[in-house]
Amino acid sequence: MTHPKVLSTTLAATLGLGLAIALGAAPTASAAPSSGYTAYAGSQQEAKANKAFYEAVMKSVAEKRAANPGALAVTVVYSAANAPSFRTQISRSAQIWNSSVVNVRLVEGSNPDFRYYEGNDSRGSYASTDGHGNGYIFLDYRQNQQYNSTRVTAHETGHVLGLPDHYSGPCSELMSGGGPGTSCTNAQPNSQERSRVDQLWRNGIASAFKVS
């Protein structure tokens, strides 16, 4: 849950609790330390990054959905194979979102729309995309020891579903991330966040039918 950095490439967009530098491949942990996140309240750059991540996942999902247009909800497939230490938290965050919204469903499987990775990174955890349908969520070991790990995972997954950070929000707001401090353990999206995701993916269902 770190202060986002300035993005140095136009070919990739990264967001979440920290920004990545090398995108489109497995994440690395060589970034410079950040100065903190508590005073950060979002930026135009971050909003664009979040939109890029959502659109990349949506594109991947839409291509698959064209083959199964009768489904009531959009299915987003993820892989936790590269984050075995967090398999329980990843599964729990998927359950949280699946029980909170109706227009999108997260399932683990092959040919994923995005992947989870784990490791050490001074920037903390983050969500990243190269803008071409290849996305991942990186889960930092140290951060997940300091903060409630299911909250961190559910928060990052919220980016996949189209939600931006809002660090100045209360603990009851999942996308407030690390803003409320380490004592905040809430891993549930509030009613506004649930409604927003359903709205986005209801529109996404319509978009999926347009894929040829």
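Q: Where is the place of Gln199?

A: Helices (H or I, at least four residues) and strands (E, at least two) are DSSP runs, numbered from the N terminus. Gln199 has its place in helix H5. This is a predicted model, in which local features need pLDDT of at least 70, side-chain atom pairs count only at pLDDT 80 or more, and totals for chains, interfaces and linings use all residues. Residues are numbered from 1 along each chain as its sequence is written, and side-chain values use heavy atoms, with hydrogens and water left out.

Q: Which residue does the side chain of Gln199 join in a polar contact?

A: A polar contact is a pair of N or O atoms within 3.5 Å; within protein, one must be able to donate a hydrogen and the other to accept it, and residues adjacent in sequence count only if both atoms are side-chain atoms. The side chain of Gln199 makes such a contact, of 2.8 Å, with that of Arg196. Gln199 and Val101 are 98 residues apart in sequence, with their C-alpha atoms 9.6 Å apart in space.

Q: Is Gln199 buried, partly exposed or exposed?

A: Buried means under 20% relative accessible area, exposed over 50%, and partly exposed in between (1.4 Å probe, protein chains only). Gln199 has 35% relative accessibility, so it counts as partly exposed.

Q: How many residues of H4 are buried?

A: H4 is mostly covered, with 12 of its 12 residues buried; among them are Arg151, His155 and Glu156.

Q: Which residue caps the N-terminal end of H4?

A: The cap is Asn148, with a side-chain oxygen 3.2 Å from the backbone nitrogen of Thr150. Just after H4, Gly162 takes a positive phi of about 110°.

Q: What does Ala187 touch?

A: Contact means heavy atoms within 4.5 Å. Leaving aside residues up to four places away in sequence, Ala187 touches Ile96, Thr150, Arg151, Ala154 and Leu174. Ala187 is found in the loop between H4 and H5, and at 10% relative accessibility it counts as buried. Its C-alpha atom is separated by 7.7 Å from that of Ser93, 94 residues apart along the chain.

Q: Which residues form a disulfide?

A: A disulfide is a pair of cysteine sulfur atoms within 2.5 Å. A search of the whole structure finds 1: Cys171 and Cys184, with sulfur atoms 2.0 Å apart. Both cysteines lie in the loop between H4 and H5, so the pair ties together parts that are 13 residues apart in sequence. Cys171 is partly exposed at 28%, whereas Cys184 is buried at 2%.

Q: Which residues have the most contacts inside the largest nonpolar core?

A: A nonpolar core is a set of buried Ala, Val, Leu, Ile, Met, Phe, Trp, Tyr and Cys residues joined through side-chain atoms within 4.5 Å. The largest one has 30 residues, and Trp97 and Trp201 have the most contacts inside it. Strand E2 supplies the largest share of this core, 4 residues.

Q: Where is confidence lowest in the chain?

A: pLDDT is the predictor's confidence in each residue, from 0 to 100. Confidence is lowest in strand E1 (residues 13–15), at a mean of 37, and highest in H2, at 98. Where pLDDT is low, the predicted coordinates should not be read in detail.
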